[in-house]
Amino acid sequence: MIARILLGLLAMGGIAAAFVAPSFAHQPRDAGSDRARPPVVRVGEVTAVDAGHARRFSGQLRGAHRGQLAFTIGGRLSARPVEIGDRVAAGDVLARLDPLPLQNRVAAARARLRRIEAELAQSRRTHVRTERLALARALPDMELEQTGSTVESLEASRDEAQAELSEARRQLREGTLRAPFDGVVGDVLVEPGEMVSLGAPVVVYSDADGLELEVEVPERILSAIEVGRTVAVDLPLLGRTVEAEVVGVGHVAADRGRLFPVVVRLPAAEGLRPGVTAELVLEVERAAGHAVPIEAVVNPGGAQPSVFVVVDDVVHERTVDVARVVGSKAIVTGVSPGDRVVIGGHAGLISGETVEVAR
């Protein structure tokens, strides 16, 4: 009986506990435990930058005097004693056409001239005799006029034959292509045995000493370039930098890309030759300012870009002027070197708000 009463009391106690427990589970926590934490932000540092900004434009060196040399006549190329990269002196033979047709042309013109000169000499003698007989009234004046006309016609033929012989000799000379000045063979375009037409390029040739570099630059930096200015040219493969002079600036763009040609002249130096890779280095877009991570700028393309500067765990919004963007940095004014600016966690920030800087 006593055991049955004890079991009943225990059962009632369990039911009571089941109703009391939920009431304890929903008791409110200390009010301090629900207080909002300050926003967490990541920061970067403002750094000083050089006002100068270098731009590089790549190209290849070429001879200041250059061109594609060609024959003034056509024919079969019989010899080309030079190869790419050969240095030659003024007057050296670069290529030669088959001389036999040209020599035959000279011989034919010379023979025609001799024949006409012989006929002219005979006609002059005949004219002299006719003139004497006409004075003695032994021949009519008509025959004198005829012999005189024959002499004049043969004199014209002689002059023509002399011109043909002169032209044939010129073509024989032009059958040999010679270097116009000391230089370097940049390329050969015809092989011996091939037919060459009048004016067809045979050898690409350039000056051995005077070198220049031509690059194309955008319109916005043309103001930083002027003829006569000294600029730097990097030679990456040679591992050095040389000074050069700007000798030409184009002011008409070649295409819709709005790129303009700039030509600089390099002094003669050991190791420099046409075809070497070179880079024109220009100091342009000079503007004072300080560099901040580009992520720090809020509304960079708007009317009032700004950054949040953290001072003693409090953010202060500052309006800045963005001068330019260089890589991952924005060059701005309105901040100082050493300032810490927010680069992450901008959302919802208010100037004067306390923040927690992520470590």
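# Exercises on a predicted model

Ala244 is found in strand 14, which spans residues 240–249. Keep in mind as you work that this is a predicted model.

**Exercise 1.** Decide whether Ala244 is buried or exposed, and list which residues Ala244 touches beyond four places in sequence.

*Solution.* Start with the relative accessible area of Ala244, which is 4%. Buried means under 20%, so Ala244 is buried. Next, look for its contacts, leaving out residues up to four places away in sequence: Ala244 touches Arg229, Thr230, Val231, Val233, Val264, Arg265 and Leu266. Finally, take one of these, Arg265: its C-alpha atom is separated from that of Ala244 by 5.5 Å, although the two residues are 21 apart along the chain.

**Exercise 2.** Find the aromatic pair of the structure and work out which parts of the chain the pair ties together.

*Solution.* The structure holds one aromatic pair, formed by Phe181 and Tyr205. Their rings are 5.3 Å apart, centre to centre, with 45° between the planes, and the pair is tilted. Now place each partner: Phe181 lies in the loop between strand 8 (176–178) and strand 9 (183–188), and Tyr205 lies in strand 11 (residues 201–207), so the pair ties together parts that are 24 residues apart in sequence. As for accessibility, Phe181 is partly exposed at 28%, while Tyr205 is buried at 1%.

**Exercise 3.** Which residues form a nonpolar patch on the surface with Val325, and where is Val325 placed?

*Solution.* The patch consists of Ile294, Val322 and Val325, with about 210 Å² of accessible area together. Val325 sits in strand 20 (residues 321–326). With a relative accessible area of 46%, Val325 is partly exposed.

How values were computed:
Residues are numbered from 1 along each chain as its sequence is written. This is a predicted model: local features need pLDDT of at least 70, side-chain atom pairs count only at pLDDT 80 or more; totals for chains, interfaces and linings use all residues. Side-chain values use heavy atoms; hydrogens and water are left out. Patches are made of residues with over 30% relative accessible area and no salt bridge: like charges are joined within 9 Å, nonpolar side chains (Val, Leu, Ile, Met, Phe, Trp, Tyr) within 5 Å. Accessible areas come from the Shrake-Rupley method with a 1.4 Å probe; for residues, only the protein chains shown count as cover. A salt bridge is a side-chain nitrogen of Lys or Arg within 4 Å of a carboxyl oxygen of Asp or Glu. Helices (H or I, at least four residues) and strands (E, at least two) are DSSP runs, numbered from the N terminus. Buried means under 20% relative accessible area, exposed over 50%, partly exposed in between (1.4 Å probe, protein chains only). Contact means heavy atoms within 4.5 Å. Rings of Phe, Tyr and Trp (its six-membered ring) pair if their centres lie within 6.5 Å; planes under 30 degrees apart count as stacked, over 60 as edge-to-face and the rest as tilted.
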